[in-house]
Structures are given as structure tokens and as C-alpha cells.
Amino acid sequence: VNWSLFFGELVSGLTLGSIYALIALGYTMVYGILKLLNFAHGDVYMVGAFVGFFVLQWLGGPLEPAVTGWLAVAIMFAVAMLVCGALGVGIERFAYRPLRDAPRIAPLISALGVSIFLQNSALLLWGPQFRDYDTFDLVGVKSYHIGSNFFISNVQILTISVSIGLTIVLALVVSRTRTGKAMRATSFDRDAAEMMGISIDRVISFTFFLGSALAAAGGVMFGIVFGQIFSLMGFTAGLKGFTAAVVGGIGSIPGAVLGGFLIGLTESFATGYLPGGSVYANLYVFALLITMFLIRPSGLLGSPVIQKV
Amino acid sequence: MSSLGGGPAGEGGLPTAAPEPVDAPDRPRVGVDEWVARVDERRAAQRGLTGLVARAWERVPAPGRLVLLLGPFAIFPFVTSEGNLFRYGLITLIYALLAMGLNVVVGFAGLLDLGYVAFFGFGAYLYGIMASGHSGHHLQAEIAIPIVVVSAALVGLLLGLTSWRLLGDYLAIVTLFFLQAFVIFVNNANGGLNDFSYPFVGKVDLTGGANGLDQIDPLNFFGFHITTTKGYYIFTLISITLLMTMLYFVNGSRTGRAWRALREDPLAAEVMSMPVNRLKLLAFMFGAATAGFSGTIYGAVQSGAFPGDYDVGLLITIYAIVILGGLGSIGGVVIGALVVNGAPELLRSSANARFLFYGVLLLALLVALRPWYKPVIVLLGTLALGFAVHAIASAVWSRGTAGHIAGAGKLGNALEHWVLLPSNAGSIAGWAYFALIVAALVLTLVRGWWRVLVLIPTLYLAAFVWENKLVEQVSGATRLILLGALLVVIMNVRPAGIFGTSRVEIV
């Protein structure tokens, strides 16, 4: 057995998976509350990656940053999350809220329109070319190894731990705070929640803010780990984030994380081991989605009533 | 409109002295299903000029409507050049044919199929594999087309089966992923180093990979080759006529009514013991077969199939056609296709694009703002604002007016004195684009005179962004930006589409 390849794919699968998990969380929360597939979510993730990039440029670029490396990274995360949170709230306010009582197909088509709009606006403003994050020098990448086959870099550790940390924070917000309680109530029965004096609009806006901010964090992380971002990166990532949410059980927070890691590992191991994997990895992810639908449509951790956000 | 058919029920049998309110319109009558009989009354009444046109249109009998709609298309090849016929005529018709199938899936049955154009590509590629110099086989079209149609329907069936027990939303994501998978597959299935090795046959060059599948044969029916654009045009037109007639009858049939019931409320339909899943699959397969058929024509017309043609861009285009034409409206898709395909073709030259942009803006202003003096005030205000800004800028910021409109024509020359054209507009135009989006969103929040007030700088900003940024990429990103915005706006303003009938909600 080639352990070096195995561990390599394992670590990169977990890294990729933690990014998918962050995207999946946004999908799962929005779906839990509005029963709406937010197609624009993947593009919010792309915008997040670009905001992070421009913040880094504004701080003086990766080679001569105005502040120390890790602080620069923290600022990138913070600004990207705030901007995309606001973007998510705006999208909900203008593209989805007027359609809340319309036939179900209307908000979906509206979401598709927003997605295309964002994607092509990025293409118009920032061009189709790749942008280099070049953060490797900024944070001083170190590689640690256990034995002679297991390698992991500090950036990968950062990615996985930030993702898990954000998920825990989110889970605490949903389960412990007053707003989280309002979110759960809204998800359970919107009308009843409204009659109990919960401001539905505010709860939904807050949900979009959280989800979009997490997607932005995923985007910045993608830039830091893989080094390059481009305007059309949101589409495929969004699809996989949604797949992760469905595989884990839509509406469930731990499910989204589990699904994210599963998708990341599938993609990574398919690339390394399966026939034609280097170009057809996404096909294998698709096959996983179809299989999941056939054997357990409610997802790994999903049950239709409990565990909804 | 509200006549329930037949004369008054109680005529003659009763003494005239007794007031008999049996046939009064607000009383239910025995033996008539009120809800069904009064279906027309529940349509939202259209007012003004559009309502007048719509009512006149409805009075024309169905065959007349077909002639009115497709007649101009039949005359078109005799009055235009080959190139125009291809660009404006043939492509429009192929899009219309494609959109008609999607209309059955989305408009009739209410299933959001986002992988629809994959079946279009599937048709082109499958025909290419069966009849092209690339693959070495040369099958006759009368054999190849049924094979394509049946296999597209079967693939549709398989894909539909996976969403057998799923909600409509899951179908959307499965089909969208299917489209993505299709594009990845055709991009790589060239028998190259990274490709699959199939059981029994090994590596096969199926699709030609990123270079596409070339040298596809022209359609060849019983030895009769269609070689000219005009030939394809007439073939497509005949197909559309047949399909439209068929859809007209299907729409009124038991299945068609069941589809509509499904669209309005799947749960209620199921409670009424309709075979919901079978109906969904039927619509889905019908759509897939139509897409496969139009893909075959498209492949033969292009004499090639290229992966980039069957991507999300085309999907949005087709959705815009169906939604513009009105979900569930049979004839609407032809008009939708004409608008959505015709406009970008006109957009290809920037002078035309400029006329179209300002023309549509002006028209929208006149239609949307009532009473009449408001658009006039807005127009005059915008003009004045533009000249004022231009005058101030030329005094204090010389770079701001340094740019020129290339190849402008009269309108462009006039615009140079009105709109700011910074010599190196890159980032300024980018920020202006953000500002324009924000201003447009603010517009939706304010009412009355505030709206007029906000509209003036918004319009000027729109002109600025158009001249400095959007006009660069009219056939690329700009086109898709406009289509995306159009989908959002139509869904918010008129969810039934422009030619669709919006119904009054009954609670």
C-alpha cells in the first residue's frame, strides 16, 4: 500500500471538506428556515474569496503587508465575512423576500437569476483570469510530519480547525442564544412563530447573514490553501456545498459538516484512486449524491422533524 | 367573458310576473360545476392597451393564432439574406423549439429542470456519434432521429427516477449537477490519457474532448440531404408547427389538465388520486425528447458539437425565453425566443447596442411611470443633470471628459457632450457599477416623488456605466448580467411571465 499517497489524499480531502462544510452550513440553514434553495450561495462564496484578495492587496500585498502575517489573515477573514454577510442580507431582502408567498418555483428562478448576475458581474469587473493569493510567504508555511508518510502543513491545520471552530460557534448560537431559539421556532412553523411575537424578517435576515459570512470564510480559506481564485469558482463549489448539505441531511448542522468532509474525501480519493479520477472527480461526487438519494433521501443525519435549524 | 354557456335556464317555464333570480350570475346553478365554469373570472383582469391586445388575441380561433404567430416566420426566408436568416431566423427557431420542451417541464408540470440543456447537448453529441466524419459512421437521419429522441427520453426517465421520491427542489439540484457532469464528461471523453477505459472496448474517442466533435453530417432523409440554411429553417419551422399543434391538444387533454393541477398544487393533485410521479416523469421525458430532437438539428446545422455550447449560459437563455413568453403559454415561447435571441444579435455592434439600450430604457420609463408628466420630468431632469455634471467636470477634472466613444455615429457623438468618459475608466466604472446596483435597489424601496427624484441620478449612472463598462462585453458578460437581472425582476414583478396569465389567489 502506498501510504504516502493515502495520507496525502486524506489530508487534502479533509482540507477541501472543511471548505465544503462551511458552504453547506449556509445552504442548510437557509433551507431549514425558508425551504429555499439559495443558488446564489456559491457565488457569495466567490465574492468572499475576492474580498479577501482585495483586502490583502489593500494591506500592501502578501510580500510587504502593513501588519504581521496572521493579523493580516484575520483582517481578511473579518472583512470578507462582514461584506458577504451584508451581501447575503441584501440578496434576501431584494430577490427572495417579495416572493415569500409566491409559487415555489418563483424564488428558485429568482435565485438562479441572482447567481448568474453575481457570477457575470464578477466576470465583468474582475475578468476571467486567475488571481494569486500568494499567502504562503505571509503566514510562513511549515510542514509537520508524523512518521515518514503523514504530512500536514500549518495552513491545512488552520483551515480544518477554523472550520470546526466556526461550526461549534454556530451550533452554540443556534442552540443557546435567544436568536437561535427564534431561528428554530421560525424553522419549525413560520406562522406560529410570528404569532408568538418573533420578527420573522429579522430572523431570516440574520440567518442569511450567518450563512453568507460562513461561505465568505470558506472562500478566503480556499484562497489561502490553494493559492488561486477566479470568477467562476462559485458555481461548482456551490453545487458541492449543496451536495454536502443533502448527503449530511438538509437542515442539520452536524450533518452539513459530516457531508462536507465526506464530499471532500470522496473527491480527493476519487482523484487519487478511481479510473479517470483526475478529470472525472466531480462525476464521482455526483454519483455519491445520486446514491444517497436512492438509499436515504433524508441524508445521513437528517430526520424531517427534529434537528432543523 | 363570464357567460356560462347556454341561454337562461328558467326561460318560458315560469310566469313572467314572478321575479326569478335563478340565472342571476351571483347564484350557483344546479348541475354546473361553478368553480370550473367560472375559471375565466379568476384571471387577473388586464387593463389598458395590453389587456385590449390580450382580449383581441383570445378571440382569434386557435388555427388563426398559429398562422398569425408563425406566418411571419414562413415569409422571412424569402425577404432576407442567408446570413440574417441563420442568425435571426434559424437560431431563433431552434431556441423556440428547445424552449417549447422546457415549457412543458417547467410551465405545464412545474418541475424545475436545470439540466435541460444537457439533453440538447446529448442530442447533438449522440447524432454526431452516429453520423459524422469524426466517428466514421454515417447513419440516415430517419433512423438516427428516432434513436436520439428515444434515448434522450430514456436518460430523462433515469434521471427523473432518482428524484422519484424527492421534492421539486432536489430535482433542481440533481439536474443542475447532471448538467455539470455532462459538460465535464464531454470535455474529457476523447479517449485520452486521463479518460475512462471502458469494459470490453477499452478507450474510445466519444466526444472529441474540448475540441468538440466535428464533421457532423447534414440531416439526410432517405437520401435527401438538407444542406442550405433555408432547408434547415423550413425543417425546423415545420417541426415547431407540428409540436405546437400537438401541445395545443395535449394542453386541453386529460394529461395536460393533470399537469396543470400538478403545477398549482402537487399535494392536492395527489389527494385527488392523480398518479403524480408518473405525470412528473412523463413531462420530464417529453422535455428531454424535445431537447434531444432540437439538439440533433443544432448539431447538424453547426456540423459539430462543442462542449461550451451546452453550458449554463444557454440554460439561462432558454429559461429567460420561457419566462418572458409566459410559463405554460404555448405561443409565448416563440415571441420570447425572438426577443431573447434577436436582442443580443442586434447587440453585437456597439452602435446598435447603444440604440437598443437607450430605447429600452426610454420605453420602460414610459410604461412604468404614470401619469404621463412623471417620465417627462425624469427625462428632462436626467438631461439637465448630465449637462451640469459634464460642465462641472470639464472645468475641474479634465481627465473625466477625455475619453471618446469609438465608432459612435450621431448618437454617440451627442453622448460625448453629456456623459462623463474618463480616459482610464477601469476602477471608477467598477465603483459606479456598485453604485448603480445600490441605486436600483433603493428605487424599489421608495415611492411617489421620491422615486422620481432617485430615478434621475440612477439613469445618469446607468448611462455612465453602460458607456464606460458594460458596452465592452455586450455579447459576453453583459448579456448574461442583463438576463440574470431580467429573471429576478420578472419573478418579482410578474411571476407568470409577460404573456402568461396571472391568476387571482383563492384562499
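The contact (heavy atoms within 4.5 Å) takes 48 residues from chain A and 50 residues from chain B. The model is predicted: local features need pLDDT of at least 70, side-chain atom pairs count only at pLDDT 80 or more, and totals for chains, interfaces and linings use all residues. Residues are numbered from 1 along each chain as its sequence is written, and side-chain values use heavy atoms, without hydrogens and water.

Chains A and B bury about 4800 Å² between them, 78% of it on carbon and sulfur atoms. Buried area is the accessible area (1.4 Å probe) lost on putting two parts together, summed over both. In chain A, the most area is lost to chain B by A:Phe94, A:Leu124 and A:Tyr280, together 15% of what that side buries.

Helices H3 (69–96), H4 (105–126), H10 (233–248) and H12 (277–295) of chain A each supply at least two residues of the side that touches chain B. Helices are DSSP runs (H or I, at least four residues), and strands are E runs of at least two. The largest share, 16 residues, comes from H4(A).

A:Arg131 lies in strand S1 (residues 131–132) of chain A. A polar atom of the A:Arg131 side chain lies 2.8 Å from the backbone oxygen of A:Trp126.

Key:
Chains are lettered from A and ligands numbered from 1 in the order in which they are written. A polar contact is a pair of N or O atoms within 3.5 Å; within protein, one must be able to donate a hydrogen and the other to accept it, and residues adjacent in sequence count only if both atoms are side-chain atoms.
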